[in-house]
Amino acid sequence: MTEQLVEDLVAGQADDWDLAGAVPEKVLRELGAAGLLCPEVPAGYGGRGATSRWAGEFTAALGAHCGSTRSVLTSQSMAAGMITRLGDRAQRAEHLPRLCAGTLAAVAFSEPGAGSDLSAITTEVRRDGDHVVVTGHKTWTTAARYADLVVVVGVEDDGGAAVVVPADAPGVSIRPVENPSGCRAAGHADVHLDHVRLPATAVLGGGGQPSRLLVTAALGYGRLSVAWGCVGILRACLAAASAHAASRGQFGVPLAEHQLVARHLAELLVAERTATLACEHASERLDAGSPDHVVAAVLAKNVAATAATRGASSAVQVLGSAAARDGHVVARAYRDAKLMEIIEGSTEICQLLLARHALSGGGTG
Ligand SMILES: Cc1cc2nc3c(=O)[nH]c(=O)nc-3n(C[C@H](O)[C@H](O)[C@H](O)COP(=O)(O)OP(=O)(O)OC[C@H]3O[C@@H](n4cnc5c(N)ncnc54)[C@H](O)[C@@H]3O)c2cc1C
C-alpha cells in the first residue's frame with residue numbers, strides 16, 4: 001500500500017515540481033495523513049510506529065523519486081522527533097496525532113549569524129506571565145512554506161527553548177528562499193518572528209534545557225534521514241546511468257563496454273552499497289536503543305552525503321549531454337546531492353565530530 005501510494009502520488013512528477021519550485025500541497029497532506037512523513041511516531045499517538053530501519057528504507061525510496069518531498073519528510077520527522085523527545089505527555093498528545101493526520105511541520109534552528117555554530121543562536125524566548133514572547137529571524141527553514149507549525153529553537157536566559165509556533169500566529173511571517181540551487185520544491189523559507197506571543201505551554205518540556213540537547217534532538221533524526229535520502233539519490237543515479245550506458249552506443253558499441261565508462265558504474269554501485277550499509281548500521285543502533293546511534297548517524301550522514309555528491313557527478317558524466325539540463329533525474333540529483341553536504345552538519349562539521357569521537361577512543365559500534 002505504501003509503495004503504491006508513493007507510486008501514485010510522487011513517481012514521475014519530481015522534475016515538474018522541481019521546475020515549478022513547489023510540490024502540490026495536496027500530495028504532502030495525503031502522504032502526511034497516511035502517517036508517512038513521520039513514520040516513527042508510536043502507534044499510541046496515531047503513528048505507524050515504524051522502526052528506524054523501515055523509515056530509512058521508505059525515506060530512500062521516496063528520495064529516489066523526489067529529493068524535495070523527501071526533504072519535507074525529513075523536516076516533519078525532525079519536528080515529530082523533537083516533540084517526542086522534548087515534549088511532555090500533554091504536548092505529545094496534542095501535536096503528534098496531528099502530524100500523522102496531514103498537519104505539516106518544519107524545524108527552524110539556523111539563523112543568518114548561526115549556521116554551523118548553533119551556539120550563536122539569538123532568537124529570544126522571553127517569559128511574560130503564563131505566556132512566552134518569541135523574537136528572531138530563522139533562515140533556510142525547509143518546508144516552512146507548507147508548514148502549519150514550526151518548531152523554533154531559541155535561547156532563554158542561560159538555556160535553550162524549543163517552541164511550537166503556529167505558522168499563522170500574529171507576528172510570524174514566512175518568506176520563501178528565492179531560487180535555491182537544489183531541492184527546489186522543498187519549500188525553504190526564512191521565518192521572521194516579531195514578538196510572537198504564545199501560551200507558555202508552547203515551550204516543549206517547559207524549556208530551560210541545555211541548547212546542546214535541543215540541537216542534538218533535532219539533528220539526531222535529521223542526519224539519519226538525510227543520509228537515507230542520499231541513498232535514494234544514489235539509487236536513482238545508478239539506475240539512470242546503468243540504463244543509459246547499456247542503451248546508448250558510441251564508437252560502435254554500448255557506452256558500458258568502454259571500460260572508463262564502466263568504472264563510473266562500478267564506483268556508483270560501491271557508493272550506493274557503502275552508503276546503504278552505513279545507514280543500516282545507524283538505524284540498527286537506533287532501533288536497539290544503543291547510545292552510539294548518535295555517532296553512527298553522523299558517520300552515515302558523512303558517508304552518504306559525500307558518496308551522493310561524487311556518485312551524482314559520475315552519473316552526469318555517464319549521461320553526458322543527456323543529463324546536462326534541468327528536467328532530467330540525474331541533473332536534479334546532481335544539484336540536490338551537493339546541498340546534502342551542507343545541511344544537518346556539513347561534511348566538515350561531521351568530520352570534526354568523528355575526529356573527536358576517534359580521539360576519545362570511541363569505536364564504530
Ligand atoms: C537545502 C538546505 C536546507 C536547510 N534546511 C534547514 C532547516 O530545515 N532548518 C534549519 O534550521 N536550517 C536549515 N538549513 C540551514 C543549514 O543548517 C545551514 O546551511 C548549515 O548549518 C551550514 O550553515 P551555513 O550555511 O551558515 O554555513 P557556515 O556555517 O557559514 O559554513 C560555511 C562553510 O564553512 C565550513 N565550516 C564552518 N565552521 C567550520 C569549522 N569549525 N571547521 C571547519 N569548517 C567549518 C562549513 O562546513 C561550510 O563548508 C538548510 C540549508 C540548506 C542549504
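This is a predicted model: local features need pLDDT of at least 70, side-chain atom pairs count only at pLDDT 80 or more; totals for chains, interfaces and linings use all residues.
Between which domains does the ligand lie, and why?

View 1. Residues are numbered from 1 along each chain as its sequence is written, and side-chain values use heavy atoms, with hydrogens and water left out. Because domain 2 (106-209) and domain 3 (212-359) both give residues to the shell around the ligand, the ligand lies between them; the domain bounds come from an automatic or database assignment.

**View 2. Residues around the ligand.** Of the 18 residues around the ligand (a heavy atom within 4 Å), those that come nearest are Ser110, Ser116, Thr142, Ser346 and Glu348.

View 3. A polar side-chain atom of serine 116 lies 2.6 Å from a ligand oxygen atom, a polar side-chain atom of glutamate 348 lies 2.7 Å from a ligand oxygen atom, and a backbone N or O atom of glycine 115 lies 3.5 Å from a ligand oxygen atom.

Definitions and conventions. A polar contact is a pair of N or O atoms within 3.5 Å; within protein, one must be able to donate a hydrogen and the other to accept it, and residues adjacent in sequence count only if both atoms are side-chain atoms.
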